[in-house]
Each structure stands twice: as structure tokens, then as C-alpha cells.
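Reader: I am new to this structure and would like to be taken through it. Could you please show it to me?

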Amino acid sequence: MLTVLLRRIGFSLLSLVFVSAVLFALTRAIPDSPARIVLGTDVTQAQIKQFEHDHGLDKPIVAQYVSWLDGIFIRGTLGTSFITGRPVGPDIVSTLPVTLELVVEAFVLALILSIAFGTISALLRDTILDYAVRLVAVLGVSIPGFWAALLLIMLLAVDHDWFPPGGFQPWSAGIGAHLDSIALPVFCLGIFYMAVLSRMTRSSLLEVLGLDYMRTARAAGLPRRTVLIYALRNALVPVITVAGMSFGYMFGWALIIESVFNISGLSYALLTAIQQRDFTLVQGIVMVFTFIFIVANLVADMTNMSLNPRLTAVSK
Amino acid sequence: MRRLVHMFGGPGGLAGAILVLLIVANGLAAPWIAPYNPTDVDMINTLAEPSPDHWFGTDQSGRDVLSRVIWGGRASLEVSALAVVVGLAGGITLGLLAGFFNGGWLEQIVMRTLDAMAAIPLLIWAIALVGILGVGPFTVLGLTFGNEVKLLVLLGVLYIPTIARIVHTGALGESRANYVAARRLQGVGSVRIMVSDVLPNCLSPVIVQATLLLAIGIIIEASVSFVGLGVQPPAPSWGNMLADARNYLFSGEWWLSVFPGAAISVSVIAFNLLGDGLRDALDPRHTTQALTA
Amino acid sequence: MTEELLRIDALHVAFGEREVVRGVDLRIAPGEVVGLVGESGSGKSMSALALMRLLPTGGRISSGAIRFKGQDLMEMPQRAFNALRGSQIGMIFQDPLSALNPAISIGRQMIDMIRAHQPLSHGAAMARAEELLTLVGIPYPKQRLLAYPHELSGGMRQRVMIALAVSCNPSLLIADEPTTALDVTVQAQVMDLLDRIRTEFSIAILFISHNLELVAEISSRVIVMYAGRIVETGEVHDLFAAPRHPYTRQLLRCIPRLDGSHGAMPTIPGLPPRIGALPPGCPFAPRCDRAEAICHNETPPIVWHNRQMAVCHFAKEAVPA
């Protein structure tokens with residue numbers, strides 16, 4: 001158990017280093033030198049040389065990468081912006097909570113609802129409820145969140161004034177105002193994954209219900225509730241794997257949703273950084289999201305191992 | 001008819017197949033079926049409601065929304081289909097090599113690299129990298145490509161791990177099958193066995209996965225174009241049309257948001273239905289994954 | 001008539017239009033061991049699953065009557081049936097690896113089962129589980145309670161299955177091919193265990209197998225099924241000494257003998273008929289070495305000879321196998 005866990009963690013760390021190297025190489029592959037972006041086009045060669053020397057850009061690429069890694073893992077600054085001259089870490093830390101709140105709430109909502117709906121759908125297979133869940137699920141995976149956002153703003157915020165059309169009210173503005181401001185974004189962010197995960201729960205549970213050990217459970221005369229728990233312990237494994245991936249992916253969609261609702265979270269900060277061509281900030285934000293993605297996958301794997309101990313034996 | 005339904009794994013799959021056929025036909029025939037030039041500006045007739053002249057109305061520059069939706073479909077299909085082609089080319093090659101020469105260093109290197117690549121959240125990277133590279137057209141070997149080519153190559157590369165894993169699993173099983181040993185004894189070369197014997201036998205789940213990736217590709221193209229990093233205006237794409245529509249949420253020009261979004265949803269439903277149907281028909285054991293991005 | 005534990009009359013099981021069980025009668029007295037023999041697809045497992053309300057989706061009892069301890073099982077509401085299932089009738093299955101939930105520890109599975117039927121505390125149920133594991137011959141039972149099915153060997157798993165099935169002192173145990181997935185040596189141990197369990201719990205067993213020799217080892221009475229029907233029943237020694245149905249005869253010839261007579265193992269030529277494409281007359285006729293014209297055209301009669309019954313036109317001929 002422990003060795004499997006350590007191997008997984010080790011591999012996740014390796015992935016992170018690999019992925020960061022790719023990211024670093026790609027940002028250095030841009031045609032424009034950062035010096036030109038910062039200083040403008042009207043500069044002398046000498047000025048460029050000076051700028052590159054000041055920011056360590058004349059060092060070998062490997063040395064630059066190592067110093068960036070050092071900035072990420074050891075000093076936690078996530079690099080220093082060429083544009084603002086400040087470490088980007090604090091900027092990221094200040095906008096992360098908003099995005100994190102949106103994603104966590106959307107994720108929890110999506111996970112709970114999808115497991116409930118998927119289970120109902122599988123247990124009441126081919127009833128009206130099953131068809132309803134499946135219809136919602138097909139629509140949910142096909143309607144892009146940002147389009148749903150536009151439609152809901154038109155219908156619920158503009159036509160009816162039930163929700164604010166955008167903006168983010170912090171908790172300090174009152175619970176009601178806060179919840180009102182995040183209700184639509186959370187819904188639009190969560191609906192896709194609610195649909196994906198409820199489809200998975202349904203098909204996985206249906207498959208498990210047909211297996212031999214479920215027949216044993218019924219032959220044992222276990223109460224319905226226990227039978228269902230026995231099934232879910234196995235059926236949720238693929239659901240949790242995909243849920244882990246979804247959590248990381250949601251930060252990507254949060255970017256679009258934040259932009260529609262004018263919420264200044266970390267994802268929105270990424271778009272601004274791109275516009276300002278502040279690549280250190282872009283790198284930093286992408287690293288944070290990638291880190292979250294990898295950790296979420298790791299947590300999903302660990303959850304599965306505790307849910308279904310056989311997996312630790314298989315992955316040896 | 002019954003055979004058709006069976007082929008696509010049920011009525012849903014058949015409906016999906018028909019819709020996909022229409023979408024592809026629309027993409028190919030866009031220049032002939034679009035009633036107007038999608039970029040023709042008509043400043044006298046801006047923000048016109050849907051009417052017999054302009055079925056889907058006109059936008060802030062008086063451009064015909066229907067024509068833009070039709071051409072947008074072409075752009076959307078181009079990006080999602082070519083991305084899948086890139087993913088298939090890379091994924092099949094690597095998956096076959098790793099699966100066929102299993103147990104060796106080649107398999108280890110390929111599969112571990114792909115595992116690490118799977119640690120990349122797709123949409124964030126697509127947005128960030130296109131952002132870093134810049135949205136302008138770019139030139140390679142004297143050929144100039146639009147910005148969307150960056151996006152599709154990027155997507156394609158990020159699809160590779162998914163496809164390669166499926167092919168790897170299939171090829172792993174096939175390469176141990178007796179018929180491969182028999183072909184070897186006949187003196188048939190490895191590459192030929194791989195391409196003409198092993199590959200066709202593990203293609204079914206790949207087809208299913210590719211269909212589902214097309215659906216994801218459409219959504220991602222629209223999203224990236226929506227934040228201004230995909231298809232560049234004035235060329236129409238469903239995503240950048242919706243980005244324009246954002247400015248008219250409060251003034252009641254509903255047709256600007258409704259039609260391009262509906263086009264995305266219908267396309268995604270079509271590919272999902274087809275994918276689910278094909279999965280039931282070709283891959284009953286569901287070796288393909290449900291996809292998210 | 002003696003008191004009956006289980007009585008099944010004219011049971012028919014169908015999947016859509018296809019009848020896989022076509023009129024099975026079965027009686028089991030308390031403490032009696034009855035063997036049910038037939039090839040795969042003969043309907044032997046389906047009869048047992050129907051009795052337990054465990055038929056695969058699409059399957060249903062189309063007609064017949066099932067009585068257990070005088071209660072009508074077919075009319076019993078699901079709740080009451082669920083209380084009876086597991087506590088009064090236990091069942092063990094062919095492949096103990098796939099029949100045990102891989103995600104739940106042995107102990108938890110046993111405790112859940114015990115507490116579903118008996119008003120015991122968690123601790124008491126655990127003690128009972130440990131006792132049961134000892135009883136079925138599992139070493140270090142306390143530690144094994146924490147183990148998961150994949151951590152045990154095939155034989156150990158089947159012992160756990162048996163412990164689970166008898167944990168609530170049922171009066172009937174249905175064993176559906178309990179040794180088929182096991183090695184021959186392990187098979188013998190499991191058979192010994194079943195025999196011991198039978199005396200210790202004075203439990204009746206319905207032993208289902210395709211292996212007539214194995215059935216004879218433990219049963220007092222044997223029922224032979226072919227194509228959804230009973231073709232012969234009788235006491236084990238009668239049936240072995242003088243089988244009256246050619247199918248039974250041919251099954252007996254397939255048992256390998258240790259008397260040194262070498263030569264090719266006899267097999268029964270041909271395949272069982274496809275359900276839904278039954279030949280007219282006797283369904284076994286196309287494969288039968290005794291078949292005559294009448295067998296292909298007329299349904300064979302039920303012929304009783306003392307306590308032995310056979311469904312064959314030539315059942316009067318008692319020919320040693």
C-alpha cells in the first residue's frame with residue numbers, strides 16, 4: 001500500500017518537472033524577446049543586451065530553467081515578472097481564492113448530484129426518471145458552459161432580474177449577495193461535469209449490478225441499502241478517476257466563465273496576463289493550474305485505493 | 001434501415017450519423033449554401049431582427065448571421081477534425097510501436113512520456129500557449145497559416161496520449177495472439193504485421209474515441225475563439241460570434257447569442273450521439289473512456 | 001408422505017419466448033442431499049436461480065409452484081423473501097473470486113450478512129464470523145477477517161463463500177458448481193468440507209454439477225436434466241447400478257475409471273439442442289445411441305420403476321452402463 005502510494009507521488013512529481021520543462025521551453029520559443037515587449041520596438045541593441053543581462057536572459061537556457069524551478073519550488077515566488085518587476089507569486093495568491101471557491105463549489109455540487117442522479121437512473125432503469133436523467137445528461141455535455149451563461153444572463157438577469165448579470169460579491173458583502181453573485185457561474189461551471197459524471201455513474205453501476213458478487217449480495221438477503229453500498233464501492237472507481245481529472249479541467253472552464261461574468265479570479269488574471277504579454281505571470285498561473293490538476297488526480301487515485309483495496313495490488 | 005440502425009448502435013447513433021453527415025456537408029458546401037458573404041458589412045442594416053431576407057438576422061456590422069453560422073461551422077469542423085487527424089497520426093504510431101514491441105525500453109519511454117503528457121490540463125494549456133505564441137498568422141516553410149492552425153496542432157498533440165493508450169492496449173493483446181506468431185513464421189516483417197494485421201484489429205475503440213474527441217474539439221475551439229485566441233475576426237467562428245454577442249445581452253438582440261450557441265450544441269450532440277452509438281456497436285466492453293476536457 | 005423442506009412443481013422458466021426450464025419437479029427433505037446433473041444449458045442452474053429470485057435480467061418464472069417449509073415462495077412479498085433468502089436458504093457459486101465483492105473485506109461481508117438476519121451486536125457478529133471461519137478450516141481466522149478476497153487462494157475463497165452461506169444456519173444450501181473453478185486437490189477438500197457442514201448443521205443441500213461422479217460422492221438422490229427437463233431421477237446406487245435413460249448411461253460412461261482400463265475417453269457425440277429449436281419427440285434422440293424411429297416422433301412417457309423414474313421409450317430396459 002505504502003510503496004504504491006510513494007510510487008504514485010514520485011511519478012506525479014516527475015510529471016510536474018517534465019511538464020514544467022515543456023512549458024518553459026515553449027515560452028522561450030516565442031519570436032519576440034521579452035526585452036522588446038517591455039521596452040518597445042524603438043530600442044538599441046545595447047539596451048536589449050543590458051535588459052537581458054539584468055534579467056538573466058543571457059544565461060544558458062538550462063540555467064534559466066533551473067533558476068525558474070528554484071523560484072517555484074524553493075522560494076515560492078513563481079518567477080519575477082519582466083513587466084511589473086515584481087514576483088508573480090503574490091498576485092497569484094491574491095486571485096486564486098475566488099477561482100478556487102467557484103471551482104470547489106461547482107465540483108462538489110456536480111459530484112454529489114451526478115452520483116445521486118446516476119444511481120437513481122441505474123436503479124430505475126428504463127423508467128421515466130431514467131430517461132429524464134439521461135436527457136439532462138446529453139444536454140449537459142453538449143451545451144458549452146459559456147453559452148449557457150449567456151442565455152441565463154439574458155433570461156434570468158436581464159429579463160427577470162433574479163440574479164446579478166455579473167460581478168463578484170465577496171462574503172463580506174453579505175451571504176445573500178455573495179450566493180446570488182456566484183449562483184449562475186457555479187451552475188454554468190458545474191453542469192457539464194454533472195452530466196459527464198452522472199452518465200458514468202449510471203453505466204458503471206449498471207455494469208457492476210450485473211456482476212457475480214452482486215448476485216451473491218442479493219442471495220445473502222442483504223438489505224437494499226447495503227446492496228447498493230456494496231455496488232457503489234466498486235462502481236464509483238472510474239467515476240472518481242474522471243472526477244479527479246474534471247476538478248483540474250474545471251479551472252480551464254472557470255477562465256471562460258469568469259470572463260463572461262466579469263469575475264476577477266485567477267483564470268481571468270491569466271487572460272489579462274496574456275494581453276499584457278506578461279509571460280512570467282502566464283507561466284506561473286499555468287504551473288499552479290497544472291499542479292492542482294496533478295494533485296487532484298493523485299487524490300482521486302488515493303481515494304480509489306481506499307475505496308477498493310484491490311487496486312493497490314493491481315498497480316504493483 | 002434496420003441494418004443501418006444496428007450499424008450505428010441504435011436509433012440515437014443513426015440520428016447522430018445523419019446529423020454529422022449534414023454538418024460535414026454544410027462545412028464542405030459553405031461557399032455555395034451561405035446566402036451572403038459572411039464578412040460583407042452592411043452598415044445601413046445593422047442588428048436587424050430575423051426576417052425573410054436574413055433568417056438569423058444581422059449583427060452589429062450588418063453581416064448576415066446565418067451565413068456566419070454556416071461558415072463558422074466550417075471553421076469549427078476544420079479545427080476539430082484536423083486536431084483529431086494529428087492526434088490519430090501520433091497516437092496510432094506511438095501506441096502501435098509501444099504495444100507491438102512490448103516489454104522493451106521503447107514501450108517504457110513512450111508510455112511514461114505519454115503518462116506525463118496526460119498531466120497537462122488541455123484547455124488551460126491551449127489558451128496559455130496560443131496566448132504566448134500570439135494570435136497572428138504565422139509562416140512555416142513559406143506557407144502562411146491562420147492562428148487556428150496553432151490551436152489545432154496543440155489540441156492534436158494533447159489528444160495523442162488518449163489515442164495512444166487505447167491503441168497500446170489493443171496492440172498489446174493482438175501482438176500476443178497466435179496469428180501474429182504465425183505471420184512472423186511466414187517471414188512477414190514487423191511493420192507489415194503491425195499495419196496490416198494488428199492495427200485493423202484494434203481500430204474499433206479508436207474510431208469511437210475519435211468521434212468523441214471531435215465533440216470535445218468543437219467545444220474547445222468555440223471556447224478559445226470566445227476569449228479571442230482562436231479563429232480571428234473578421235473570419236466567423238461560433239466562438240467569436242458569441243464573444244460579439246456578449247455586448248448585446250442587455251439590449252435584446254437575442255439572435256446573436258442563440259443561433260451560434262445552438263449550432264455548437266447541435267454539433268456536439270450529433271458527435272456525442274454518433275460516438276455513443278458507435279461505442280455500443282463497435283466497443284461493447286467500453287474500453288474507451290468518457291471524455292472531459 | 002414425509003415432511004418436505006422444498007417442493008417445486010412443474011417449474012417453467014423463460015427468457016422471452018425461449019423456455020430454458022420446461023417443467024421441473026423437485027422435492028428435498030430436511031437434511032437430504034440431492035444432486036442435480038446436466039450439461040451447461042440444461043437448465044439446472046436456472047432452476048436454482050429461479051428459486052432464489054436471482055434470474056438474470058429478462059428471465060422469469062412462466063409457471064409452476066415453489067413451496068419452502070410449506071410457504072408459497074412465489075407469492076411471498078419481496079421483503080419477506082429477502083429476509084428468508086440468506087437466512088434459511090444459503091447459496092454458493094461457481095467462481096468464488098468473482099462471487100465475492102473485491103472492495104469489501106471478508107469480515108465486513110460476513111458481519112453484514114450475519115447482522116442482516118440476526119439481532120447481534122457488531123462485536124458478537126464478528127465473534128460469530130471468526131468462529132465460522134475456524135469451522136470451515138481457515139487458519140488465522142482473526143487476521144483473515146481483515147483480508148480482501150484477492151488476497152486469498154481459490155480454495156480459501158470457496159471456504160469463505162461456504163462460511164458466508166451457512167452463517168445464519170440455513171436449512172437449505174444450494175451449491176451451484178461449487179468446485180468447477182478449483183484445482184482437483186482443492187476440489188476434494190471442498191467436497192469434504194461440504195460433507196462435514198452437512199452433518200454439523202444438519203442442512204439439506206441441492207448440489208448442482210455437470211459432473212455425475214462428484215454428485216454421487218455427496219448426494220443420496222440424483223436428478224438428471226437435459227434440455228430444460230428432468231430425464232431421470234433415482235437413488236444414487238440404483239441410478240449407478242441400472243441407469244434407465246440412455247443419457248444417464250452415456251454420462252456414466254464418461255466418468256474416468258481407475259481400474260487400469262486404458263483407451264479413449266468416451267464422450268457423448270453431438271451438442272445439446274438449441275433452446276427454441278427442440279426436435280419433435282425426445283430431445284435427446286439425435287444424440288442417443290439407443291434411438292429408434294419412435295424417439296424422433298413421439299414424446300417419451302414418464303416411466304416409474306420403484307423409486308426410479310426415467311423419461312424414455314425404452315426405460316424398462318435396465319442396462320448397466
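Author: To begin with a term, two strands pair if DSSP finds at least two bridges between them. Helices (H or I, at least four residues) and strands (E, at least two) are DSSP runs, numbered from the N terminus. This is a predicted model, in which local features need pLDDT of at least 70 and side-chain atom pairs count only at pLDDT 80 or more, while totals for chains, interfaces and linings use all residues. Residues are numbered from 1 along each chain as its sequence is written, and chains are lettered from A and ligands numbered from 1 in the order in which they are written.

Reader: What is the order of the strands in the open sheet of chain C?

Author: The four strands of this open sheet in chain C follow the order E2-E1-E4-E5, and their pairing is antiparallel. E2 (18-28) and E5 (71-72) of chain C are at the edges with a single partner strand each, so one side of each has no neighbour in the sheet.

Reader: How many bridges join E1 and E4 of chain C?

Author: Strand E1 (residues 6-15) and strand E4 (residues 59-68) of chain C are paired over eight bridges. C:Leu6, for instance, has C:Phe68 in E4(C) as its bridge partner.

Reader: Which helix lies across E1, E2 and E4 of chain C?

Author: That is helix H1 (residues 44-51) of chain C, which runs at about 110° to E1(C). Axes are lines fitted to C-alpha atoms, for helices over the stretch in contact, and angles run from 0 to 180 degrees between N-to-C directions. Two residues are in contact if their C-beta atoms, placed from the backbone, lie within 7 Å.

Reader: Turning to chain B, at what angle do H2 and H11 cross?

Author: Helix H2 (residues 11-33) and helix H11 (residues 254-282) of chain B cross at roughly 135°, and their axes come within 7 Å.

Reader: What kinds of residues make the contact of H2(B) with H11(B)?

Author: Among them are B:Leu14 and B:Ile23 of H2(B) and B:Phe271 and B:Asp276 of H11(B). The contact divides into 13 nonpolar, five polar and two charged residues. Here Ala, Val, Leu, Ile, Met, Phe, Trp, Tyr, Cys and Pro count as nonpolar, Asp, Glu, Lys and Arg as charged, and the others, Gly among them, as polar.

Reader: And how many residues does the contact take from chain A and chain B?

Author: Chain A gives 45 residues and chain B gives 35 residues. On the side of chain A that touches chain B, H10(A) gives the most, with 12 residues. That side of chain A has 36 nonpolar, eight polar and one charged residues.
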